[in-house]
Amino acid sequence: MIPRNLRFLILPLAVYLFAAPAVAHAGGAPQLSEPAGRTLVLDGLGKGAAALDGPWQFHLGDDTAWAAPGFDDSSWEQLTADKTWGSQGHPNYTGYAWYRRSIRITPAPGASSDFALLIPAIDDAFQIYWNGVEVGHLGSMPPNMVLYEGVPPQTFGLGPVRTGVLAIRVWKTALASNDPSNLGGFEGLPLIGSPEAIATAKGNMDFAWLRGQQFTFGLTSLYALVSLLSFIAWLRDRNQWLLFWMSIFSFMPMLAVLLNGLRLPYSWALAQLLIQSSIAIREASGWFLLIWLLQLHPYTRLVRATRLVAIIGIVSAFADGSLSFLYPNFMREVPMQIADAVLTAPAVLFEAIPAILVTIAIVKRKRLDSARWLVAILAFLNALIYWISNASQQGVRFTHWTLADKISSPLFTLNGNPFSVPTVLRTLLFLSIVYAVIHYTVENRRRQATLELEFQNARELQQILVPETIPAMAGFSLTSAYRPAQEVGGDFFQIIPFENGSTLIVLGDVSGKGLKAAMSVSLIVGAIRVLAETTTSPAAILAGINRRLVGRLQGGFATAIALRLDSNGACTLASAGHPGPFVNEQELSFPGALPLGLGPNAVFEEISFQLSERDQVALYTDGLLEARSHSGELYSFDRLKTLFSSRPTADQAAQAAVNFGQDDDITVLTLTWLKTGEEATALHSGPVESLV
């Protein structure tokens, strides 16, 4: 029992303790009460805001008369606005439903005469009526259905009217194959208050959302940078397909944020189409990135199978996303859900492909560095978690499995950013891929430097083997031309004068390129020089070269033609698998023979012929004959015959093939027998340092 003389102190103290928090909240929030008649009374609503919690009248179905303030909703059931209707007794319900709430506002002295409403989120489209008048909406209802997903909280002005009925008409679209049963309607308590307080509340919500996206935006920026740098690097060397797939793979997360992470107001149907297609492209690019990282690209059947699966996945995703445009005008709910499940099945199955690729790499016993094996391990774990999560989500409203929720639940929160198992694994996978690509780029540059050094050594070796001058031949005009297709080719020729006035010319082509070809050429040139000291017979010289090359070309070979020219115009010729020379416009024919280096007992026959004054002999390598146009057409013997009938110089003949479309090294040598008394000449065209 409180003493009578203390009661006058207790009562003011109680009023202060209970009233002070209400006044302090949001700068003057009201006292909320809900007397008989289900009217929410907001006493003393000043510059703050109040949550519209408590029971709302709720009814399934649709009738625009339900927006009228005088409509009797006493028979409706009651739900709260802090939960969806799916979690309050209406699981799996889609279609129309209405919320109603009778509100009476008593403004505080000096408060704003206008009031506003904040809706955090309603699933899916909705219209808001205040005393029977529509004051705002988000999206539109069927038949011209337009939905928005993931948009920011919406605000609506209610005007100066202080008493009335707030009615909200909601349309919930059909559930997807991975949607739970507890969806639909309110997803957060709406707020009512002064326009300034509502704007402040919305700003706080937007800031909280933005703060929770810091890590996502930061990681996405890193993805974008890696994508740009990889694409630029690929443009510089389009044979580096690893960089191309890295560029596409890194671009997709940025595209996903643009489509779904910035809360932009474009239609849900378009978003579904673009998001699902981009996810399929991201997955496919990730597969090919793994193929190159794990060095599986030489397995053509695997690459073709992966390409086919990628096409199926992208087409299925595009078709699945397109279903959003068909419902509800062209496809009813059940057929749409069946089609969604069928088209989603390939995506769920194909999520196991990274694990399959990693398994193949293990079975093939690929010798990968630690960076690539790290990618392989993380890719396997990501694929496993991703597949388990998505597979368990399919049909979750029937199975009620909670595995996907447990997988996606945060392990920890850092500065307002939640980190789940998939988030951590995806981040580690991306960082490991970046590291592996950097490691690959460094190793590739090192290999290129080694290759360039090899070419430099080959060039230096060739320069040592090349005679400083092309010798003049008594009685002949000589022209030569060389057009390499690569930095170091396998074509060669040697001109060796004999003491008796005749001259030996050996021209040929070694299989292969680079330092290996240069070493083979050096062996051939040395053999020619040695053999020419003991014999002038072209056949004997080719036979001697052949014996020295057998077993030394590591599976390669060389073609060659040896020609001895006498000062009186007499010619003796032998060939080892080399194209026949032209005398004027006529190709010489001679018995066939094997190329050099294929067998120790090869036999080379000689033919002899006599030149007349002004006759021209043209020797060439097969690069002239096999020049190829952009359409794939070969230069051919017919064009060759026409070319040599015009008596071109070696430079003119080589340039004609280059203009047609060079595909291999081109070497041409022309010799014209002069009239008696004419001065002999020698003319070379092309990089002398590449001739041997």
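Two strands pair if DSSP finds at least two bridges between them. Keep that in mind for this tour of a predicted model.

**Whole chain**

Start with everything shown. The protein chain holds 17 helices and 27 strands. Of its 692 residues, 47% are buried. Now think about contacts between residues at least 6 apart in sequence: 73% of them join residues at least 24 apart.

**Stop 1: a five-stranded sheet**

Select E18, E19, E20, E21 and E24. These five strands form an open sheet, in the order E18-E19-E20-E21-E24, with antiparallel pairing. Which strands are at the edges? They are E18 (491-497) and E24 (606-610), and each pairs on one side only. From one strand to the next, the twist averages 15°.

Zoom in on E20 (residues 558-565) and E21 (residues 570-576). They pair in the antiparallel sense over five bridges. Pick Ile561 and look across: Ser575 in E21 stands opposite.

H14 lies across E19 (503-510), E20, E21 and E24. It runs at about 25° to E21.

**Stop 2: a four-stranded sheet**

Select E3, E14, E7 and E11. Here is an open sheet of four strands, ordered E3-E14-E7-E11, and the pairing is antiparallel. Its edge strands are E3 (49-51) and E11 (154-159), each pairing on one side only. The twist averages 25° from one strand to the next.

Look at E7 (residues 115-119) beside E14 (residues 191-193). Three bridges link them in the antiparallel sense. Ala116 stands opposite Gly193 in E14.

Show helix H2, residues 195-212. H2 lies across E3, E7, E11 and E14, at about 20° to E7.

**Stop 3: Asn417**

Select Asn417, found in strand E16 (residues 417-419). Is Asn417 buried or exposed? Its relative accessible area is 4%; buried means under 20%, so Asn417 is buried.

One of its polar atoms lies 3.0 Å from the backbone nitrogen of Gln214. The side chain of Asn417 also reaches the backbone nitrogen of Phe215, at 3.0 Å. Leaving aside neighbours within four places in sequence, Asn417 is in contact with Arg211, Gly212, Gln213, Gln214, Phe215 and Phe412.

**Stop 4: Glu149**

Next, go to the loop between E10 (133-138) and E11, where Glu149 sits. Glu149 is partly exposed, with a relative accessible area of 43%.

Which residues does Glu149 contact, leaving aside its neighbours within four places in sequence? They are Trp268 and Gln272. Show both side chains of the pair Glu149 and Trp268: a polar contact of 3.3 Å joins them. Then pick Leu264. It is 115 residues from Glu149 along the chain, yet their C-alpha atoms are separated by 8.9 Å.

**Stop 5: helix H17**

Finish with H17, residues 650-661. This helix has 12 residues. From first C-alpha to last it reaches 17 Å, close to the 16 Å expected at 1.5 Å a residue.

Colour Ala650, Ala653, Ala654, Ala657 and Gly661, which are buried. Look down the axis of H17: the buried residues fall within an arc of 95°, so they line one face of the helix.

How values were computed. Residues are numbered from 1 along each chain as its sequence is written. This is a predicted model: local features need pLDDT of at least 70, side-chain atom pairs count only at pLDDT 80 or more; totals for chains, interfaces and linings use all residues. Side-chain values use heavy atoms; hydrogens and water are left out. Helices (H or I, at least four residues) and strands (E, at least two) are DSSP runs, numbered from the N terminus. The expected span of a helix is 1.5 Å times one less than its number of residues. Buried means under 20% relative accessible area, exposed over 50%, partly exposed in between (1.4 Å probe, protein chains only). The arc is that of the directions from the helix axis to the C-beta atoms. Axes are lines fitted to C-alpha atoms, for helices over the stretch in contact, and angles run from 0 to 180 degrees between N-to-C directions. Contact means heavy atoms within 4.5 Å. A polar contact is a pair of N or O atoms within 3.5 Å; within protein, one must be able to donate a hydrogen and the other to accept it, and residues adjacent in sequence count only if both atoms are side-chain atoms.
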